[in-house]
Amino acid sequence: MDATDGRVIKPMPPTGMSFDAIKDHLLPLQMPDPHAHFARAFRGPKDVQEVGKYAFEKFMSDNGFFSLYLPYMQTIEQEVIAMGVSLLNPEKNSTGNFTSGGTESNFSAMHAARNWARIHKPRVTKPNVVAPYTIHPSFQKGARYLDMEVITTDLDENGRGIAANISAAINDDTIMVAASAPSWHYANIDPIPEIASVAMGAGLWMHVDGCIGSYINPFLEKLGEKLTPWDFRVPGVMSISGDLHKFGYCQKPASTIFWRDAVLQDHHYVSIEDPFLGQYKLAGFSGSRSAGPIFAAWAVFNYLGEEGFLRLTRRVLELKEVFTKGVAAIEGLKVWDVDVMPMHFHSEKAPTSAVYQGLFEKGWLMLGLVAPEAITICVDPALTDEDAALFLADLREVTESILAGGEAKKGDIRYS
Ligand SMILES: Cc1ncc(COP(=O)(O)O)c(C=O)c1O
C-alpha cells in the first residue's frame with residue numbers, strides 16, 4: 001500500500017488471500033468492549049445483537065429492492081413499520097417506510113414535503129424549512145440535494161426551540177417546519193405542540209426528527225417520565241423519523257420514516273415508467289439494498305417486545321444516573337441537564353478538548369460537540385456497571401492529571 005496526498009493506492013492483489021489471512025488482518029481492527037460501545041457505534045446488548053445478527057446474516061444477500069412486491073419480504077417490512085408506528089399514538093391510516101438511517105429518513109420527509117408543496121403551495125419557487133438551530137445537519141444535507149434552504153432560529157436558555165421565533169422566520173417560500181424530539185446537541189425535546197400549532201396555522205408540513213427519540217421516548221413515558229408531547233398525538237405533526245439503529249437496538253443501516261396518513265406517504269414515492277423495464281417504484285431512495293437490516297429489525301422487535309424495550313429503557317436510565325453522578329463527582333466537570341439522550345459534559349477548568357484527547361489516548365474514542373465544546377456519552381444499555389466504572393476512572397485520571405499541570409494536548413473534538 002502506498003499513499004499519495006491522502007489517496008490510498010493499492011492494486012487488486014493478483015491472487016486471493018486465504019480466509020485465515022483475511023481474518024488475521026481484520027480482527028485486530030475491531031475495537032474492544034466496552035470502548036466500542038462509546039465509540040460512535042451504538043450496539044445494544046449482546047443477546048439482542050445475536051438475534052439481529054442471526055436474521056441479518058440469513059437475509060443479507062436477499063435484495064431489499066423488492067420489499068414492496070416480494071410477499072415474504074413485504075410482510076416482514078410492513079410488520080416492522082406497523083410495530084414502529086404503533087408506538088407513536090398513530091391515527092388509523094398512519095404508516096411509514098424503512099430507510100437506511102436518520103439522514104435518509106429526514107431527507108425522505110423533506111422530499112415528500114417538497115412534492116406535497118408543489119401541489120398545495122404552487123407559487124413557491126425556492127422552498128425552505130424553518131427549524132430551531134439544533135436541527136440535525138442531515139436537514140442541511142437534504143436541502144442541498146433538494147435545492148431547498150434551511151432557516152434556523154434561536155433557542156431558549158435550555159437549548160429548546162422557540163415557537164415565536166419559528167413563526168417570525170416563516171416566509172412565503174416556507175413549506176416545512178421541523179423540530180427535534182430530542183435534538184442531538186442539547187438532547188432536549190423542542191416544544192413540539194407550540195411549534196406544530198404555528199406550522200398548522202401557516203398551512204405547513206410539520207416534521208418531528210425523532211431519530212433518537214422514537215424508540216425510547218414511548219418507553220420513557222410508559223415508565224412515568226413526563227415528556228413534552230412529541231408524536232402523532234400532537235395535531236399538525238405530519239411525519240416523524242425514528243432510527244432503528246439507535247434506541248431500536250437494530251443492526252445498521254436501519255431507520256424509519258412515519259407518515260400521519262397514507263395520503264402523505266404518496267408524496268414519498270417516486271414512480272418511473274421505464275420504456276424497457278416498466279414501472280420502477282421502490283420503497284425509498286435506494287435501489288438494490290441488503291434485506292438483512294429489515295429482517296434483523298423484525299427479529300429484534302419480536303425478541304424484545306414491549307417488556308424488553310422497557311427493561312432496556314430502565315437500564316439506560318440507571319446508567320444515565322451512574323454517569324451523571326460519576327462525572328459530576330470529578331472536579332471541574334459539568335454534566336448537562338438533558339430530557340433524553342445523549343448525555344454531554346464539559347470541563348470548566350481544563351480545556352474540554354484536552355480531556356477529550358486524554359480519553360482518546362486511553363482508547364476512548366468519544367463523540368463530541370464543537371461549540372460549545374462538550375464530550376458526549378450516548379448511553380448504550382449493553383454497558384455494565386464495571387464498564388461505566390472503568391470509563392469514569394479513566395476520565396477522573398485524565399482530568400486530574402490535566403488540572404495538576406500535566407501535559408494537556410488539545411484534541412480535535414468531532415461529531416463526525
Ligand atoms: C437527531 C438526529 N437526527 C438525525 C440523525 C442522523 O442519523 P444517521 O446518522 O442515522 O443518518 C442523528 C444522528 O445522530 C440525530 O441525532
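Trainee: Which residue stands opposite methionine 206?

Mentor: Strands of a sheet pair through backbone hydrogen bonds, either parallel or antiparallel. In this predicted model, methionine 206 faces valine 237 of β8. The pairing of β7 (residues 205–209) with β8 (residues 237–243) is parallel and spans four bridges. Strands count as paired if DSSP finds at least two bridges between them; strands (E, at least two residues) and helices (H or I, at least four) are DSSP runs, numbered from the N terminus.

Trainee: How are residues numbered, and what confidence is required?

Mentor: Numbering starts from 1 along each chain as its sequence is written. Local features need pLDDT of at least 70 and side-chain atom pairs count only at pLDDT 80 or more, whereas totals for chains, interfaces and linings use all residues.

Trainee: In what order do the seven strands of the open sheet lie?

Mentor: The order is β3-β9-β8-β7-β6-β4-β5, with mixed pairing. At the edges, β3 (95–99) and β5 (149–153) each pair on one side only. Neighbouring strands are turned by 20° against each other on average, direction ignored. Axes are lines fitted to C-alpha atoms, for helices over the stretch in contact, and angles run from 0 to 180 degrees between N-to-C directions.
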